[in-house]
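Please look over the chain and its ligand before reading on. The report that goes with them is given below.

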Amino acid sequence: MTRLVAISNRVARPSGGAKSAGGLAVGLLAALEEHGGVWFGWNGRTVDGEPGDVSLEEVGPITFATTDLNKLSYELYYNGFSNTSLWPICHYLLGFYRYERREFDEYRRVNALFARKLLPLLQPDDIIWVHDYHLIPLASELRRAGVTQPIGFFLHTPFPDIEVLRVLPVYRQLLRALCAYDVVGFHTPRDLKCFRDAIEERDIGGIDNADRRGLSRPPVSDVFPIGIDVDACQTLAVETGEKDNVRRMVRHLHGRELLIGVDRLDYSKGLVSRFLSFARLLENYPANRNHVSYIQIAPTTRSGVRAYLEIREELERLAGKINGRFADVDWVPIRYLNRAFDRPTLMAFFREANVGLVTPVRDGMNLVAKEFIAAQDPEDPGVLVLSELAGAAQELRDAVLINPYDRDGVADGMHQALSMPLEERRERHQRMLEILRRNDITAWRTRFIDALLAARRDRTNSS
Ligand code: ADP
């Protein structure tokens, strides 16, 4: 029987519950429920010595298989190469990029360790689906160990233009490693084009046959835009509306219009510029003073990387400065909450908001944009202000599209959203909702798994 084996850096353990899980976890859990299988990855713990045995937890048809990592290894592989080399490059943010050879070496060693630990769990009929930039070399490690099952890779970040990728001294190795997959998937046509150009135009060197085992051609590469569970977001938004913290939030608005932003605290999300653009809104359109409130929810992530701690301080300073300049005795313009909320509460906040601010300076997709649209009341929907540089903008053309670097332009977009007539809001929302339904989370996972099954048929036919 065909089982799905999914591998990602972190595993959403069952104790967290699908209700609290984000898009990726929801999609993978549903696929694993359907096919049965294994979800393998890091358990979130670091240890001083060698990692212990893989821990196995069976929940229905799914086996959650997790390993810990050595402390130094984690530092070099995760904070180092993954998040200080690859993440900034994939987001075209070279000011944050740094390369250290020993971090790359450890990145490869952790991938080899994952492959070794996964190997005994594999069965001949499995299909294997690897997620994200932390694990690019995993297929070549598995191939070297003799694995012939179809292996797919999905990149959740943008795939950068080759001219940007070239700042990585090891870019050829990474491109060769991607060629060890049967299927390689991206969010947008632009990412796909960058990938194909990179492998076609560049001399990436001979691809080791051992890495490719049975692959006689380049990987099948395609676009698989990740989506959300639209009905689940809608239901959560409606059902959670009466919760105490949602009511308290609404009471504090005193009838003012609400702009909301929900992001991980990451420099790619453009939060500093967003705060400055909000100040520009109050400057350029003074009628909004004391009539709008902006809530930004942004919990700290990747606290082991210095740049992440620095934006936190910068945002606290800026919120204080903007509030100091514009606040009144009964009005605080920005409320900045450096913490996470559960999904139901977030969906209810979205539904209460008049404007959703999603203004990353670069983003693979951005699920918050989609969740915001899904959570709206179709009869009186809020308006999404969306960065053209987010993958989601390829689908959500009816958002108010802005360039996040243009502060006056973003302020204009916020003002346009705040003053948009009801009829136009409804029409735009309706069109976007249709797109969300077409490209939902089920379509994403089903199309990718179908591509992996097709790859297996191709292999059987050609052998
Ligand atoms: P990224 O994967 O870069 O974090 P996405 O917008 O694609 O960005 O996905 C983020 C996911 O995490 C969404 O499902 C969103 O609801 C959730 N999320 C983002 N910010 C928070 C927060 N402050 N609290 C709880 N969940 C959050």
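The model is predicted: local features need pLDDT of at least 70, side-chain atom pairs count only at pLDDT 80 or more, and totals for chains, interfaces and linings use all residues. Residues are numbered from 1 along each chain as its sequence is written, and side-chain values use heavy atoms, with hydrogens and water left out.

**The chain**

The chain has 17 helices and 14 strands; these are DSSP runs numbered from the N terminus, with H or I over at least four residues for helices and E over at least two for strands. Along the principal axes, the C-alpha atoms fill a box of roughly 70 × 45 × 40 Å. The radius of gyration of the chain is 23 Å, which agrees with the value near 23 Å for a compact globule of 463 residues. That radius is taken over C-alpha atoms, and the globule rule is 2.2 Å times the number of residues to the power 0.38.

Of the 463 residues, 57% are buried. Buried means under 20% relative accessible area, exposed over 50%, and partly exposed in between (1.4 Å probe, protein chains only). The accessible surface of the chain is about 18,900 Å², and carbon and sulfur atoms account for 48% of it; such areas come from the Shrake-Rupley method with a 1.4 Å probe, and for residues only the protein chains shown count as cover. Among contacts (heavy atoms within 4.5 Å) between residues at least 6 apart in sequence, 80% join residues at least 24 apart.

**The ligand site**

There are 16 residues around the ligand, and Arg 264, Lys 269, Pro 299, Leu 367 and Glu 371 come nearest. The shell divides into eight nonpolar, two polar and six charged residues. Here Ala, Val, Leu, Ile, Met, Phe, Trp, Tyr, Cys and Pro count as nonpolar, Asp, Glu, Lys and Arg as charged, and the others, Gly among them, as polar.

| Residue | Protein atom | Distance to a ligand oxygen |
|---|---|---|
| Arg 264 | side-chain N or O | 2.7 Å |
| Arg 343 | side-chain N or O | 3.3 Å |
| Leu 367 | polar backbone atom | 2.9 Å |

Taken alone, the ligand exposes 560 Å², and the protein buries 80% of that. Two or more residues of the shell come from each of α13 (343–352) and α14 (367–375). The largest share, three residues, is given by α14.

**Single residues**

Two residues have a positive phi without being glycine. Asp 132 has a phi of about 80 degrees and is found in the loop between β5 (127–131) and α4 (138–144). His 254 has a phi of about 50 degrees and is placed in the loop between α10 (244–253) and β9 (257–262). Asp 132 counts as buried because its relative accessibility is 13%, whereas His 254 is exposed, with a relative accessible area of 61%.

Ala 279 is in helix α11 (residues 271–284). With 7% relative accessibility, Ala 279 counts as buried. Apart from its neighbours within four places in sequence, Ala 279 is in contact with Ile 322 and Phe 326. The C-alpha atoms of Ala 279 and Phe 96 are separated by 26 Å, and these residues are 183 apart along the chain.

Terms used
A residue is near a molecule or strand if one of its heavy atoms lies within 4 Å of it. A polar contact is a pair of N or O atoms within 3.5 Å; within protein, one must be able to donate a hydrogen and the other to accept it, and residues adjacent in sequence count only if both atoms are side-chain atoms.
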